[in-house]
Each structure stands twice: as structure tokens, then as C-alpha cells.
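Please read the following note alongside the model, taking the points in order. Each point keeps to one part of the fold.

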Amino acid sequence: MSKLVKVSAGFILAGLASLLFTHENRAAAEGWSIALPSEGMVPVVEDMRMLHDRELSLTSKTLSSEDTAYKLVASKAKGNKDKAVPRHVVDNPSKTVTATGYTAGIESTGKEPGDELYGITFSGVEVKRDLYSTIAADPKVFPIGTVMFIPGYGYGVVADTGSAIKGNIIDLYFDTVDEVFNEWGKQKVEVYVLKEGDGTLTEEEFAALNNQ
């Protein structure tokens, strides 16, 4: 009986060795890895291609939620309705304001293309819808040069003022009247102040924000 047990055990061990050898050959050919068992464990075979695909998927999801990606998509894209706030923004001071929209045209500024000051803000910076856009505010509340994040609009830099922009009201620049009405209108929104301005803003400072 003991001889039979020994012979059976020998066949089982030989079979396991053959199985592992087969998997090793397959692993070498197909890019698998074999994790040899520790005491009390069974062999585990993982397809590294599946892990690689899973890693790529997770990386893609991570990148899509990164602040940089958010800035490029949420701040610059037209018609953005996403009011998510990036992680690096939420801990900054915030204030609830009424936000309207304006253009450089006669309907907002009384100026027309060809006028000497057409498209020029109070700070002297030219209006722009970009990663960081020019906006108007009451300088007693938000001094010129203040940088803020407006959910649903993106990053704004206070460059302008307006006779109707008093108190907790801000005016967001858009390129066209259609964009003002279709993308924004008039909304109450909580804005996040990233940097308080010192009352001035130059073209160089504004360009540096958009080129960072």
C-alpha cells in the first residue's frame, strides 16, 4: 500500500511539474508571468496584458480628472456646462455673486469695431476668452488683477469695470452675443478667489497666465 501511495505521489508531482513547465513556455510566448506559490498557497497565473490594459484604463481616468486637464477643457471649451470645481481651487476663499455676460460690442460697451478703445478694458488689457479670460467686477470688491475661478465658465481675471457692475456682481467676457445668451445668461454662482489683485494688470501679466 505504501508503495502505491509513493508511486501516486510521484505521478502527481510529475504532473504539476509538467503543468508549470507548460505555463512557463506559454508565459514566455504570450507575455504572462507566473507567481510561484508560497507555503500553503496554490500557484497563481496572471495575464500581464490584462493588467497592462487595466492600468492604462485607470491612468486615463486619472488624467481626465486632473486639474490641468480640467483647465483646458472646462475653462477654454465653448458651451461648457460643467460646474465641477478643481481640487486645488476648493480651499480658496469664495463669495456668492451674480454673474452676467458681456461682449466688446456696442450692445455692452457702446463701442464698435474701429473705435480707438474697442475691446480695451479699464486696465488697458484687451478683452480675451481663453484659459484665463478677462472679466469685469467692482474694484471695491474684487480689485483689478484679481484671479478667480467661476464654475461653469473657468478662470477669470478682473481687468474691467462697468457702471452697472457694483457690489457682488461680475461680468464675464464672451466673444459673441449668442454665446452670452446660450452659454451663460445671468446666474448666481459661488466664485473662488485664487489671488487678490493689487489694482493693476498688464498685458504681460495676463499673457503669462495663459502661457503657463
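Which residue in β8 is the bridge partner of M148? The bridge partner of M148 in β8 is V193, and the points below set this pair in its surroundings.

1. Basis of the note. This is a predicted model, in which local features need pLDDT of at least 70 and side-chain atom pairs count only at pLDDT 80 or more, whereas totals for chains, interfaces and linings use all residues. Residues are numbered from 1 along each chain as its sequence is written, and side-chain values use heavy atoms, with hydrogens and water left out.

2. Overall make-up. The protein has six helices and eight strands, where helices (H or I, at least four residues) and strands (E, at least two) are DSSP runs numbered from the N terminus. Read from that end, the order of elements is α-β-β-α-α-β-α-β-β-β-β-α-β-α. Of the 212 residues, 33% are buried, a term that stands for under 20% relative accessible area, with exposed meaning over 50% and partly exposed the range in between (1.4 Å probe, protein chains only). Among contacts (heavy atoms within 4.5 Å) between residues at least 6 apart in sequence, 67% join residues at least 24 apart.

3. Strand β5 and its partners. Strands are taken to pair if DSSP finds at least two bridges between them. Strand β5 (residues 147-150) is joined to β8 in the antiparallel sense by three bridges, with V147 opposite K195. Strand β6 (residues 154-160) also runs antiparallel to β5, over four bridges, and here the partner of M148 is G156. The hairpin of β5 and β6 has three residues between the strands, and within this hairpin G152 takes a positive phi near 90°.

4. The two faces of β5. In a regular strand the side chains alternate between the two faces of the sheet. In β5, V147 and F149 lie on one side and M148 and I150 on the other, and all four are buried, leaving both faces covered.

5. The other pairing of β8. Strand β8 (residues 187-195) is also joined to β3 (residues 94-102), by six bridges and in the antiparallel sense; in this pairing V97 stands opposite V189.

6. Helix α5. The buried residues of α5 (residues 177-184) are E179, V180, E183 and W184. They sit on the same side of the helix because they cover an arc of only 105° around the axis, the arc being that of the directions from the helix axis to the C-beta atoms. On the other side of α5, D178, F181 and N182 are exposed. The buried residues of the helix pack against β3, β5, β7 (169-173) and β8, and just after α5, G185 takes a positive phi of about 80°.

7. A buried threonine. T134 belongs to strand β4 (residues 132-137) and is buried, with a relative accessible area of 0%. Leaving aside neighbours within four places in sequence, the residues in contact with T134 include Y102, V125, V127, Y153, V157, Y173 and F206.
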